Amino acid sequence: MLDWFPGIRVLSLDCFDTLLWRDCHAPSDLFAALPDSDGIPINAYQRVHGERRARRNARAARGVHDVAIDEIYRMVMPRAGDAARARASAAELALEARHCYGFAPTIALMREAKARGLQVILVSDTYLAPRPLLDLVARAAGAETAAMIDRVFASSTYGLPKAAGLYREVLARMKARPDQILHIGDNADADVGGVSPFGVHTLHLRQFSERSAQQLRLENAVAGLIEGRGHSSPKSPQPHRPALAMADESDAARHFGFATLGPVLFGYDQWLRTQAAELQAGRPGTVHWLFLMRDGYLPMRMHQKRGAGPVHAIEISRLTATFATFAQDPAILRHVEENRGIDPAIIARQLRLPDATIAQICANRSNADGWRALHDWCRVPTNRRPIVKAAQALAERLVSHVRNTVRPAPGDTLMLVDLGYNGSVQSLIDPLLTRALKVHIAGRYLILREMQAGGLDKRGYFDPAHYDHSVLNAMTANVALIEQIATAQQGSVYDYAEDGAPIRGASDIGVRQSTVREAIQQGCLAFAGAATAHVVRADTPEPIGPWRQANAATLMRLMYLPMRAELEIVSAFEHDVNLGTCETLPLFDARVARAGLLRQGLFYQKGARRMFLPAELAGEGFATRLMHLATACFPMALVAADFADEAGRIAVMLSRGGETAWIELPYRATHDGFFALCIPVGAGRFGASVPFGAIAAHVEIASVVAMPAAEYLNSRHDTAARETAIVPHFDGIVALTHRLWHCPDRAALVHFQPPVPADDDNLLIVVVFRPIGVDTNI
C-alpha cells in the first residue's frame, strides 16, 4: 500500500478494528464482563444506554458530537462520586486491555512506514483521550507498537467524529499537505467518506469477505441463544476473527474446513493438552494418546500438525466393542432387550449369528415378531454358548490390538480421544482393558452427553460442566456432518487378527466424497498455523474458555444455520451407519423436506431418515431456521397443533354407494402460506367432496395423496413409500393448471376417490393447498 502512494509523508490509521482488534464480535460485547464498581453492578445495557444519553445531551447542550468516558460514566452512575466513576472507567479500560490485541498486518505496515521515514498517527472516533488511548495500545499490543505512534487524535478531544469533520483539526496540526497523508480504516463512512473530502488519500480496510462477515454474524446470534450471561467474560468471544480475515477463500472446500472445523478442532486440541497434563500430574505412569478411528482421525491430524509426541491410532468400533462384551453371558440378553424396536436382523448380525440362523429367526416376520423370536432363541443357553466363546476370542484379539499398538505398562493411563458423544466404546471396553492391561482409561471427547451416569473417567470439551443437556442434545442431533468430515478414508474394523491387526470392512463412501473430505481436512489443518499468527498481544490470554465459547457457537451455527455455499460442498455426502449393516443415509434431501414441510410443517422431521435435517431448511427463510434452532436449544413441551393452529373449517361430503354425509373438518397452517386438510376416509374408503369455493376464488395445490392415518399422525419415515396420489374430479372448479384451480363460486366442488383397499388400514386423504384471491375466509 505504501508503494501505491510514493509521495506520502504520513501514515494515518484508525485505531479500533484497524490497529486494535477485540476478542468479541462487537465493541459492546465487552460490556457483558464489566465488573461491579464499589459494590454497584454495571450491566451492558446500562453502559450502552449511558453513552447514548451522554452523546444526546452533549449535542443539545454544547453542539458537539462526541464525548469523553467520564461524561459517559456520569450518566451510567449518576449518584456515585467522581472517585467511584473514575474507578469504573479505569476498570473498563483494563477490560479493553485484556481483550484487545494488535492486528499483525497493520503493525507490519507501521514498521515499514517507520523504516521509510514516515510519521505514523492514530485518528480515532473514541471516548478516550489521546494519552489513555496510547496507553491502551501499549497495554494491548505492546510498548513497541505504541512507540511507533507519533501522534494521536481522538474525536472526544474535539467533540467531532471523522464523519463530522475531525480531519480538519488533524490537518491544522500536522506539518503535511493533505496529499502527503494516507489514511486507512475499517469504517467506509468515517474513514473514507469523512476523510477523502479533505484531499487526503484514503483506503478502506475491509476486515472480512461477505461470506466470513455473515458467518461471524450468525455465530454471534447463536452464541446469544446458547450462552448464559454473567460478569466473568465478554459476550460472543471470537478469537478466530483475525485468521478468518486473512483466509484464502479461493478453494471453497478447503476454506469451509478452515473457517468451521479448523477453529473447533484447534480449540479442542488446546483443551486436550491441558487434560493430558492434568492426568500426567495426577496419576503414576505415562499418559498415552489414543485416537479412536475412524472419527478421531482429523483430531489426530490436528494434534500432529500443532506438534506432538507419540500418538496412537486405535481401531475399536462400536461393533467390535459390543461383541467383546458378549464374553460375559448376561450381556447377550441384555443387549437384545435394550434394542427392542431395532430391525432384529441387525441385532442378529451384531451377535454374529450364521445367515441361515438369521433367516430362520427373522424371515417373513414383522420387526416386532422377529424381535420376540430372536429374544426367545437367545434365552436358550445352548444357543448362547457359541456366541460367548467367539466373543471371548475377539476380546482377547482386541486386547492384543491395544497392547501391540500402544505397549502400555501397568499403571499407565490410556487417554481415548474421539468426537463423542456418549463415550459408548469406552463404556463397553473400559472393564476389559482395565483388567487385562492394568491401566486407567480416561475418555476425552469433543462433545460428551452421557445417557447414563456411568461413573467412568469421561470429560468433554463441551459437556454438562459448561452447557446444559438441551444444548448438548442439540449439538449431537446433527453430529453426522462432523463425523463424515473428520473420519478416515477406510472401512470400519469388524475383527482383529491373532496379533491384533485390524480387519476392516469395505468403505461404502464414494471417491468424490472422499476427495472433497480431504480438501476440507486440509483446510482444517491450515487453521492450526493461522489461529494466532496475525495477533500481537502484550499479555497471554486465558486459552480455553474463550475458544470453547467461540467453538460452541461455530459448531451450532454450522449445524443449524449452514450457509448455502457450505451446503453445496457437502450436498452429495452420505453417512455410513456401521452397526451391523452396510446402510448409508443421505445427509439431507431438500426436495423431500419441502414436501414434508408443506404437508406437516416442521414436525415432518420427526420421522425423517436423514442425518443433517437443518440443512433442509436452508431455503425456507430465516424465521423457520431460527425457530428450529430455538426449539432444539430450549426444552419446549410443544405438539404439532402448537405449530399448526386451526386456520378454519370446511364442510366435506363423504360418500359411499348411494349414502352421503357432511362433516366439518379443520384445515391447519403448515408452511409458506400452505394449509393441510386431512380427510379421514377410513378402511371402507369413503369418497370425499370438498367445496374449495367456500375458501377462496383460487387455490394452489401442492399435493393430494392418500396414506395410512397412523403414519401421517406419527410421522413415520417410510410414509412416502406407502402414499398414493389421488386424481381429482371437478364439479364447477376449473383447473387452470394441474396445480392452480379456479373456484368461480362457493359451491364449486372437487371430488377425491381413495385407492382400492389393499389392507385394513384406516386412510387419510391429505390435501395441501394455498388459497389465492380476495374471496377468502382466512
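Mentor: Start with an open sheet of three strands, ordered β2-β3-β15 and paired antiparallel. Its edges are β2 (20–22) and β15 (535–536), each pairing on one side only. Strands here are DSSP runs of E, at least two residues long, and helices are runs of H or I, at least four long, all numbered from the N terminus. Two strands pair if DSSP finds at least two bridges between them. This is a predicted model, numbered from 1 along each chain as its sequence is written. Local features need pLDDT of at least 70, side-chain atom pairs count only at pLDDT 80 or more, totals use all residues, and side-chain values use heavy atoms, without hydrogens or water.

Now look at β3, residues 100–103. Two bridges join β3 to β15, and the two strands run antiparallel. Find Phe-103: its bridge partner in β15 is Val-535.

Compare another pair of strands. β6 (residues 181–185) and β7 (residues 201–204) run parallel, joined by four bridges. There, Ile-184 stands opposite Leu-203 of β7.

Next, the charged contacts. The structure holds 39 salt bridges (a side-chain nitrogen of Lys or Arg within 4 Å of a carboxyl oxygen of Asp or Glu). Take Asp-150 and Lys-114: their closest N and O atoms lie 2.9 Å apart. This pair links distant parts of the chain, 36 residues apart. Asp-150 sits in the loop between α6 (143–147) and β5 (151–154), while Lys-114 is in helix α4 (residues 104–115). Asp-150 has a relative accessible area of 38%, so it is partly exposed. Lys-114, at 30%, is partly exposed too. Buried means under 20%, exposed over 50%, and partly exposed in between (1.4 Å probe, protein chains only).

Move on to helix α27, residues 590–600. Arg-594 forms a salt bridge with Asp-672, at 2.8 Å between the closest N and O atoms. The two are 78 residues apart, and Asp-672 lies in the loop between β19 (659–669) and β20 (675–682). Asp-672 is partly exposed at 42%, and Arg-594 is partly exposed at 27%.

Is each end buried or partly exposed? Glu-723 is partly exposed at 25%, but Arg-599 counts as buried at 12%.
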